[in-house]
Amino acid sequence: MKYDQGNADELKQKFWHAFADSPFVFVSLQSTANDAVVMTAQLDKDANHAIWFFTSKDNHLAQMGPATCTFASKGHDMFARFEGVLTEETSRERLDKQWSNFVEAYFPGGKDDPNLLMLRMDLGNAELWAADQGILTTAKMAMGMDVREDVADSHTEARL
């Protein structure tokens with residue numbers, strides 16, 4: 001089924017707000033798509049072209065390369081699937097900026113833990129779905145009424 005296209009800029013803005021509120025995604029390398037793992041994305045409000053992940057050097061994501069993320073917002077009113085390329089982030093400045101006690105809980109050696117690997121995902125194509133249909137559309141669905149026109153602008157394909 002091909003969805004009608006919504007306003008890409010509006011849906012991207014909704015996505016980024018929802019993602020900042022709940023930055024959890026399933027991440028899989030495209031070469032091993034059956035090995036998706038839940039990761040916490042590290043976001044930077046000034047860098048909407050990339051996200052970062054902390055992982056260990058023995059995690060299969062350490063192979064890096066083309067990857068796909070799947071996202072569902074906290075309230076299930078925004079969904080996304082987006083692609084990008086995972087590479088090692090070597091900037092100490094970036095590591096310092098993204099570091100937190102939550103990350104340190106997984107790496108007892110701190111920022112110099114020998115098993116620490118910081119990955120950057122340079123973002124590419126995405127599909128975004130807004131599922132906040134409102135009370136009228138929800139009532140129509142409950143009565144079995146056709147809501148296709150009501151939700152026609154809730155999807156877009158865009159480049160992040």
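1. Starting with a pocket: the lining of the second largest pocket splits into 5 nonpolar, 4 polar and 2 charged residues. For the classes, Ala, Val, Leu, Ile, Met, Phe, Trp, Tyr, Cys and Pro are nonpolar, Asp, Glu, Lys and Arg charged, and the others, Gly among them, polar. Among the lining residues are W16, H17, D44 and K45, and the volume comes to about 250 Å³. A pocket here is an open set of points on a 1 Å grid over the protein atoms alone where a 1.4 Å probe fits, with protein on both sides within 12 Å along at least five of seven lines; lining residues have an atom within 4 Å of a point. Volume is the space filled by probe spheres set on the points, which are joined across faces, edges and corners.

2. A word on the model: it is predicted, with local features needing pLDDT of at least 70 and side-chain atom pairs pLDDT 80 or more, while totals for chains, interfaces and linings use all residues. Numbering runs from 1 along each chain as its sequence is written, and side-chain values use heavy atoms, leaving out hydrogens and water.

3. The largest pocket holds about 390 Å³ of space. Its lining has 7 nonpolar and 5 polar residues, with no charged ones. The elements giving two or more residues to that lining are β2 (37-40), β3 (50-56) and α3 (101-104). Helices (H or I, at least four residues) and strands (E, at least two) are DSSP runs, numbered from the N terminus.

4. Now the aromatics. The whole structure has 8 aromatic pairs. The ring centres of F19 and F71 are 5.1 Å apart with planes at 70°, so this pair is edge-to-face. Pairing needs centres within 6.5 Å (Phe, Tyr, and the six-membered ring of Trp); planes under 30 degrees apart are stacked, over 60 edge-to-face, the rest tilted. Because F19 is in helix α1 (residues 8-21) and F71 in strand β4 (residues 65-72), the pair ties together parts 52 residues apart in sequence.

5. C69 in β4 is the bridge partner of V27, and C69 has F82 as its partner in β5.

Definitions and conventions
Pairing = 2+ DSSP bridges.
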